Amino acid sequence: MHKPYRYTLATRWYFRLRQTLLAGCCLLIFSMMASAQPRPEPFRFGDVDLEFLDQTKQLDKKFEDQGLVYREPELNAFVNRVGNTLLKSEDQLENVNWQFRVYRDPAVNAFALPNGSIYVFTGLLARVQNEAQLAGILAHEIVHVRNRHGYLSYRSYRKKMLTINILSAVGAYTGGGWGAGVAAQFMLAISVIGYSRELEKEADLTGAQLLAVSPYDAREMVNALECLKEKDEVDLNGEPFYGDHPKTKARVAYLNDWVTKSVPQRETKEAYAGSSKEDYRKSVEAVTRHDVELAIDAGLYRTAIALGKQLVEVHPDSSANVTSLADAYAALGPRPIEPTVEEKTGKGKRDARKRRSKLTLQEEEKTLAATAAGQELQKANYAEAEKLYRQASELDQNYALAWRGLGELAEKQNQPQPAAEAYQKYLALQPAAMDRLLITRRIKTLEPKLTPKR
Amino acid sequence: MKFSRSRYQQFLPLFFLLLIFPASALGQRLHPKLKEAKPGEAHSGIQRIVVLPAQVSLIKGGMKGNEPLEKEAAAATPIIEQAVAKALTAKNLSVMESPFKPEALQNDEKMKYAMADLQRNYAELLAKITRKKKDVEKARFSLGDQVLLLNQDDNIDAFVFVHAFGQRKSGGMKALGAITLSPILMMPSYFVRVAIADARTGEVLAYTEAFTILDIAKADDKKLVELLTKSLKKLPAGTTPEKIEAEKK
């Protein structure tokens, strides 16, 4: 009887590699076919698109119900006005109801849903420098909706996934499942991201065209991107090697190129709307304060400080603004204001990522405060915070939040007497405060540590 | 078909295991405060409980990729919340009517934000908890006294956080699973994570996880209640309604 022939390890690997390459080539061809299809003009809704639209409509309600939409009548009116300035009569599209909303998140970002809901993050509103830059971002998102990018991406993704799954089935049938599967997943990622990048570039360039025919200066779109590049925090992840957006540097370059070649400069600066930094900063003052709170909550302490400084620059005599900056310093605790050289190195970033994934923010703070350098920094930051809280309470003696901040700061520094006094002052100024129970409990906890009055 | 023998050896036991045990409680962790009380024994630590709005995410895995099921997730949310409430009521805990339902918070932006912030902080903490669930027993996790913002009348003992996520399978995907001998592609999967946090200190008192291949979004929640009751087995019971009445008298 013959023994069955056994392939050597090298031969088996050769077969696997051959199958993987074959699967990859097939997928590449399929995905190229999927993305190279001409776009139907005008866009026609299929059942899948309508189902997708229905699902995304639900997101609006979800964001609203979950308290993720920021409501401030003046700001909402301002963002709506800027957005509507960019819309034209032909933008009344089927299944699109234009809405410009503010999303409570300290990230510098914006997104559009296919149903016409455009969300600008509080972090982005606080970061851009003027109304025209905000218009630039909104123009980009409007193009995504107008050119139906959401549906096109979804259609393309579905086609590619179908290809992948068929290939996986064929791979399993022919015995080369593992290699084919890996190759297929890789090619899918490349292909989906590649298509997404194409659409992003289109949104950038068409958005700039939209801005060029609006009262705003199209150059501000470039400035908005430049401004988004600035980061106060150490970017732990960095820009991906091959992300779904083109790299910011490349975006700035092609936009700059287009604007320089195609947009004639208007005669005077006054011919452009929304270029005043001061006016814009005043319009977003309250939301910036809100964003400082969100940034502190998210552990983005350096961002909070940068925004707090920005607020104080606009209104140095505002107790609320000074208190926001003080809150940021108090939260910064044992960390330096500027990232250290070690923090920026690869090892520093890896360590920080590890720390963030393992420890809670409170544990991280404790760890840092346990070092001599951390203690030094904490002392300095707390001193700065205290100075600012006192300044805020001098500016407006009835400004309750400054007293609350002083109470928290004293409590952090194990000073029960001043902490309890500051908290009591806070409650006296704001007896109906939302956090009155929280503060009352804190005072009760401090009571046993207080020195008895004679 | 060119499936090796080992492939069948892997597929068949897993397939039958999932059919025999379609739902299982994956682990229960209790804070030392609760651990001291024996299971089934009445304790006075937590009695009045509020189930916070559940965070539910559902997708449909099909041949053409994953499809969002936002509408279905929204419909499943009250079902899951109710099932959790029933499982807790079975433990003699008094589940209070939630004052944090979206309709109730419609015009109260501040409370809505406070709720959103608390849910976000919990989601951050959840990532740490799932990384080292055992640390719940070491009293390591807390949301801080910010929870008091939602307990303004001081009448709630604990908040219940519910996160559920699941993946349904389309017919095509099930067929692909059968062809490729992969039960993961064939069966739906649902995870429910429940955490109970002290409504005054924010400490995470209990954490539990459950897995099932049965649809958790069905209006008939009997199976889900059974699963959650099983996954909360170690949680000490509260005081019976009769005893509460007697104490009042």
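**Figure 1. Pairing of strand 2 with strand 4 in chain A of the predicted model.** Phe100(A) has Ile118(A), in strand 4 of chain A, as its bridge partner, and this pair belongs to a parallel arrangement in which strand 2 and strand 4 (residues 117-121) of chain A are joined over 5 bridges. Strand 2, which spans residues 99-103 of chain A, is mostly covered, with 4 of its 5 residues buried.

**Figure 2. Pairing of strand 2 with strand 1 in chain A.** Strand 1 (residues 69-70) of chain A runs antiparallel to strand 2 of chain A, and 2 bridges join these strands. Within this pairing, Tyr70(A) finds its bridge partner in strand 2 of chain A, namely Val102(A). Val102(A) is also one of the residues in contact with Val120(A), a residue that is taken up in the next view.

**Figure 3. Surroundings of Val120(A) in the largest nonpolar core.** The largest nonpolar core comprises 152 residues, and Val120(A), Val84(B) and Val160(B) are those with the most contacts inside it. Helix 5 (residues 131-146) of chain A contributes the largest share of this core, with 9 residues. When neighbours within four places in sequence are left aside, the contacts of Val120(A) are Val79(A), Val102(A), Tyr103(A), Ala110(A), Leu125(A) and Ile137(A). As a general background to this view, nonpolar side chains tend to be buried together in soluble globular proteins.

**Figure 4. Helix 17 of chain A and the helices that cover its buried residues.** Helix 17 (residues 372-395) of chain A has 24 residues and reaches 35 Å from its first C-alpha to its last, which is close to the 34 Å expected at 1.5 Å a residue. Its buried residues are Gln378(A), Asn381(A), Ala385(A), Leu388(A), Tyr389(A), Ala392(A) and Ser393(A). What covers these buried residues includes helix 13 (319-332), helix 16 (361-369) and helix 18 (400-412) of chain A. For the setting of this view, chain A contains 20 helices and 4 strands, and buried residues make up 39% of its 454 residues.

**Figure 5. The side of chain A that touches chain B.** The contact between the chains takes 31 residues from chain A and 30 residues from chain B. On the chain A side, helix 2 (47-65), helix 6 (149-174) and helix 20 (436-446) each supply at least two residues, and the largest share, 10 residues, comes from helix 6 of chain A. The residues on this side of chain A divide into 11 nonpolar, 10 polar and 10 charged.

Definitions and conventions. Residues are numbered from 1 along each chain as its sequence is written. Chains are lettered from A and ligands numbered from 1 in the order in which they are written. This is a predicted model: local features need pLDDT of at least 70, side-chain atom pairs count only at pLDDT 80 or more; totals for chains, interfaces and linings use all residues. A residue is buried if 20 or more other C-beta atoms lie within 10 Å of its own, exposed if 12 or fewer, and partly exposed in between; C-beta atoms are placed from the backbone. Two strands pair if DSSP finds at least two bridges between them. A nonpolar core is a set of buried Ala, Val, Leu, Ile, Met, Phe, Trp, Tyr and Cys residues joined through C-beta atoms within 7 Å. Two residues are in contact if their C-beta atoms, placed from the backbone, lie within 7 Å. The expected span of a helix is 1.5 Å times one less than its number of residues. Ala, Val, Leu, Ile, Met, Phe, Trp, Tyr, Cys and Pro count as nonpolar, Asp, Glu, Lys and Arg as charged, and the others, Gly among them, as polar.
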